[in-house]
Amino acid sequence: MRCRHAFETACVHANGDVVCSIIDGRGDYVLGNVYRQSLADIFRSPRYWQLRDLVLSTTDTCVRS
C-alpha cells in the first residue's frame, strides 16, 4: 500500500508551514504556509501535485525527500 498522506492529509506546524504528514516533523518538505495562502490553495498547489506524482511513481510505501 502506498502512502495516502499526500492525497488525504496535511500537517500544519506552529509556524504555519504545511507538510504532508506528522512524519515530517522537521519540515524538510514544506508544501506551503497557511499564513500566506489558504490550506485549499496549498492542497491544490503544483508542489503538492509534485509530491503526489512522486508517490505514484515509486514502489516505496513512503517517499522521503
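Helices here are DSSP runs of H or I with at least four residues, strands are runs of E with at least two, and both are numbered from the N terminus. With that in hand, select Phe43, which lies in helix α2.

Before clicking further: this is a predicted model, where local features need pLDDT of at least 70 and side-chain atom pairs count only at pLDDT 80 or more, while totals for chains, interfaces and linings use all residues. Residues are numbered from 1 along each chain as its sequence is written, and side-chain values use heavy atoms, with hydrogens and water left out.

Phe43 has a relative accessible area of 27%, so it is partly exposed (buried is under 20%, exposed is over 50%, and partly exposed is in between, with a 1.4 Å probe and protein chains only). Now show what is in contact with it (heavy atoms within 4.5 Å). Setting aside neighbours within four places in sequence, you get Phe7, Glu8, Thr9, Tyr48 and Arg52.

**Stop two: the rings**

How many aromatic pairs does a search of the whole structure find? One. Pairing takes ring centres of Phe, Tyr or Trp (its six-membered ring) within 6.5 Å; planes under 30 degrees apart are stacked, over 60 edge-to-face, and the rest tilted. Select Phe43 and Tyr48: their ring centres are 4.9 Å apart and the planes sit at 65 degrees, so this pair is edge-to-face. Tyr48 is buried, at 0% relative accessible area.

Next, pick Arg52, which sits over the face of Phe43, 4.5 Å from the ring centre. Such a charge has NZ of Lys or CZ of Arg within 6 Å of the ring centre and within 35 degrees of the ring normal. Then jump to Arg47, over the face of Tyr29 at 4.0 Å from the ring centre.

**Stop three: Tyr35**

Select Tyr35 in the loop between β3 and α2 (39–43). Is Tyr35 buried or exposed? Exposed, since its relative accessible area is 62%.

**Last stop: Ser21**

Finally, go to Ser21, in the loop between β2 (17–19) and β3 (32–33). Ser21 counts as buried because its relative accessibility is 7%. Leaving out neighbours within four places in sequence, Ser21 is in contact with His5 and Cys11.
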